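Hi everyone, thanks for coming. Let's bring up the structure.

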Amino acid sequence: MNNINYQRVLDKILNNIGNNTKKLLLHSCCAPCSSYVLKYLTEYFDITVLYYNPNITDSDEYEKRKSEQIRLINEMPKVHNINILDTEHDKSEFYKIAKGLENCPECSERCLKCYRLRLEKAAEIAKENGYDYFCTTLTISPLK
């Protein structure tokens, strides 16, 4: 069993940052899950929200959720900058990792593969663009 207290880990990171604003790439699954995270982390970081969610296969739903993410970013109070980086909505990436797992329930192997897909993309973009840190809102949802 994993007994790591991630709030303590975060507190240690935030204490070491001091007054130097760092760049954070935050993968966001949706506006509701990102709201508290953005409110909390804007105190410490310049944030770029990475909206990369090929698992939302319905294009209208994807656009609706993306629009809500943008609305939240535009309307919320900020200490440091919050921008959004939208990626191409390439559903084929999700279909590729989900092949053969279509009938799996929530919180199964398909979900783990989907998390990996999105986190690997976030890590790749963070590295390519010189972010100091990257993380995800996927751990916030009570449904995951």
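**Salt bridges in the model**

Let's begin with E61: its relative accessibility is 24%, so it counts as partly exposed. Please keep in mind that this is a predicted model.

Who is the partner of E61? It is R65, and their side chains form a salt bridge with N and O 2.8 Å apart. R65 is partly exposed too, at a relative accessible area of 35%. Both sit in helix 3, which covers residues 59-75, and because they are four residues apart there, about one helical turn separates them.

As a general point, side chains of opposite charge can pair when their charged atoms come close.

Now look at K66, which makes a salt bridge with D86, where the closest N and O atoms are 2.7 Å apart. K66 belongs to helix 3 and D86 to strand 3, residues 82-86, so this pair ties together parts that lie 20 residues apart in sequence. Is K66 buried or exposed? With 13% relative accessibility, K66 counts as buried, while D86 is partly exposed at 34%.

Our last stop is helix 4, residues 91-98, where K96 and E93 are three residues apart, about one turn of the helix. Their side chains meet in a salt bridge, 3.5 Å from N to O. K96 is exposed at 58% relative accessibility, and E93 is partly exposed at 26%.

Note on methods:
Residues numbered from 1 in each chain as written. Predicted model: local features only at pLDDT ≥ 70, side-chain atom pairs only at ≥ 80, totals over all residues. Heavy atoms only, no water. Salt bridge = Lys/Arg side-chain N within 4 Å of Asp/Glu carboxyl O. Helix = DSSP H or I, 4+ residues; strand = E, 2+ residues; numbered from the N terminus. Buried < 20%, exposed > 50% of the residue type's maximum accessible area, 1.4 Å probe, protein only.
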